[in-house]
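This report looks at how one chain is laid out and then at how two chains meet.

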Amino acid sequence: MIDVKNLHKAFGSGAKKVAAVDGVGFTARDGEITGLLGPNGAGKTTTLRCLYTLMQPDSGQILVDGIDAATDPVAVRRSLGVLPDARGLYKRLTARENIDYFARLHGIETQTLHLRREALVDALEMRDILDRRTEGFSQGQRVKTAIARALVHDPKNVILDEPTNGLDVMATRAMRAFLKRLKGEGRCVLFSSHIMQEVAALCDRIVVIARGRVIADESPDALRAQTGEANLEDAFVKLIGTDEGLAA
Amino acid sequence: MNSAITVFLKEIRENLRDKRTVVNTLVTGPLMAPLIFVLLINTMVTRELSKAEKPLSLPVVGAQFAPNLIAALKQNNVDIKPAPTDAEQAVRDQDADLVLRIDADFAKAWDKGEPAQIEIVHDASQQDARGSVERLRKLLDAYAQRNGALRLLARGLSPTILKPLAVADRDQSTPQSRAGLMFAMLPYFFILGGFIGGMALAIDTTAGERERQSLEPLLANPVSRWKILGGKLAATTAFAITTVLLSILAFAAVGHFLPTEKIGIALTLGPRFVLATLFVMLPLAALLGSLQTLVAAFAKSYREAQTYLSLLMLVPIVPTLLLSVMPVKTQLWMYAVPLMGQQVAILRLMRGDAVSDSALALCFACTAAAALLFGTAAAFIYRSERLAISA
C-alpha cells in the first residue's frame, strides 16, 4: 500500500521557481491498479520519483506499507518494484545478467534468484532473448527486461512510469495482461499514463493530476458520474479544463 | 559491502566487454609510453654516438689567411667546407650548424705575437649544434695552447709558468644518476598510464551511465549511494592500477634492451623498483580515479566529461615540469605531496638511489589520504538529486 500525503516539490529558485508537484495526495491499495493520469508535464514523473526516493519532496509525507520514505528510504526501495521513465539497460550485458545484477543488489540468494527469474521469464515470455546482449533490443524487449529486472525481488508494491510508452498493440496488450496478473497476486500496482483508454481498461482507481495538483480521485464509473460525461476521455478533458497536451 | 562488490564485479565485466576500453587500458596505455621512450632514447643515443665519430663539417670564411690552423684542424677529423656567402644567415637558417670566420689580419697579428682574431658563428639555442661547437672550441683551445707553449719555449721559459692551477674533473655522478636525468619524464608516463587506464571507466560509470539512462533504475535499488559509488571507484582504480602494473612491467622488460650502456649509464629496474613503484602508484591510481569520477559526475554528458578529463590529464605533468626546471634537492616533505611524491620516489628508485621505507610509506599514506578526501567529495556529489536525472 502506498500512501501519499500533501506532496510538494519545486525546481529552481527565486523568480524562476516552478512547483512541479503542488500538494499531491492519494492512496494506492493492495490488490488494486491505481492509475496516475495527467497531461504531459503534470507532475506524474516527479511524484513517482519522490515515491521511489530518487528525489526528496520539499514537504509532505510518503508511506509505503507504513514505512516513511523520509526516515527509511532504503526499506522503502526494498518494498518497491520500479520501472522508471528511464529504462536504461546495460547494453553490454545480456538480459539475464541485467536481471541478476539488480537481484544481487537486493541481496537475493542464488537459489531464490533462479526461481524468481525463471518465473518472470515465463510470465513475460522472454525466454528467447534471455541470453542475448540487450544492445539492439526492440522497445518491447527492452521494457520486458526492465520489468523483469524491477520485479525480481518480488516486491509488494509496483510502480511503473508510462509502462506502455513506445510499445506496439500486441506488446501493449501483453503489458496490460501482466499488470492484471500483478493485481491478481495481491500487489499494489501504481502506474502513470497520459493515455485514456489504457487507464480506463485497467484501473480500479484513477487519480487525475494536472498542474501538480490532484483534481480527481475516483473509480472510473464515479469519474464518469461526477463529470456527467459518458465517455471517459471527455470526462478527463472536462476535468483538466483543456485538451492541451492530451496525446493518445 | 556485498552490494559494493556486486557493483564492482558488474562494472569490471561490462567494461571488459568493451573492446575499445580494453585495448586502451590494457594495450595502448601501458605500451605506448615505453615504446615512445625506446624510440626517443634510441635516436638520442645513436645521434650522440655518430656525432662523436663523424668528421666535423665546418664551413670556414677566410681559410686562406691561416693555412697552418686549417691544416691542424684537418688532422683532427674536421671536414673543411667552402664559406657560405653570409655566415650569420646560414647559421640562422640552419643551413650550417656553425661557421668559423678567420680575420684578414690573422697572419699579421700571429706574426707579431698578438692575439689573432677568429670567430665561431653559432646559435646557442640550437641543441643539435651544441656538440659541434663544443668540439671545435676544444680543438681551437688545444691548438692555441700548443702554440703558446712553443712561443714560451722559444723565449727560454717553461710553459708551466702559464699554468698556476692544475684542475682535474672528478665527476661524482654515477651511471644511474646520469640515466635519471635522462629519464626524468618516466614517472609522468606511469602516472599518465594510470590516468588513461581509469578514464574510460570513470566516464562510463558516471556520465555514461546517466546518459544511457541506467542510473535512475540503479539508484531505485535498496543500496545506499556511497556503496554504489564505492564499487564504481574500485572498478576504476582496478583498471588504472592494471594499466600502471603493465606499464611498469613493460618498462622493466624494455629497459634491458635500451642501449644505455653505450652512453655509460645504467638503470635499476629490478624487483624492488617494480614493487616499490607499484606501492606508491596504488594510492595514486585511487586518487586519480576519484578525481576523474568527481569531475565526470559534474559533467552533463559523456562528451563533456571527456573534455574535462582531457584537461585534467595535464595536471600530473606539473610536478614533472617543476622538478625538471628546478632540480632541487630531494626533501622528505616532497614525498608527502601526491604526484610529486611519486615523481621523486620513482626517479630515485630508477637511479638506484636509496629511498627509505618510511619515505615510501609517507608517500603512500599521504596520497591515500588525498584519495579518501576526493572519494568522499565524489560521494557527496553522488548524493545530489540532479545527478540521477537523465533527461
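In this predicted model, the domain assignment (bounds taken from an automatic or database domain assignment) divides chain B into domain 1 (2–38 + 176–388) and domain 2 (54–162), and the centres of these two domains, taken over C-alpha atoms, are separated by 53 Å. Residues are numbered from 1 along each chain as its sequence is written, while chains are lettered from A and ligands numbered from 1 in the order in which they are written. Because the model is predicted, local features need pLDDT of at least 70 and side-chain atom pairs count only at pLDDT 80 or more, whereas totals for chains, interfaces and linings use all residues.

Chain B contains 17 helices and four strands, these being DSSP runs numbered from the N terminus (helices H or I, at least four residues; strands E, at least two). The radius of gyration of chain B, at 30 Å, is well over the 21 Å that the globule rule gives for 391 residues, so the chain is more spread out than a compact globule; the radius is taken over C-alpha atoms, and the rule is 2.2 Å times the number of residues to the power 0.38.

| Property of chain B | Value |
|---|---|
| Box of the C-alpha atoms along the principal axes | roughly 100 × 45 × 30 Å |
| Separation of the centres of domain 1 and domain 2 | 53 Å |
| Radius of gyration | 30 Å |

Turning to the interface, 23 residues of chain A are in contact with 22 residues of chain B, where contact requires C-beta atoms, placed from the backbone, within 7 Å. Helix 2 (73–78) and helix 3 (95–105) of chain A each supply at least two residues of the side that touches chain B, and helix 3 of chain A gives the most, with four residues.

Technical notes:
Contact = placed C-beta atoms within 7 Å.
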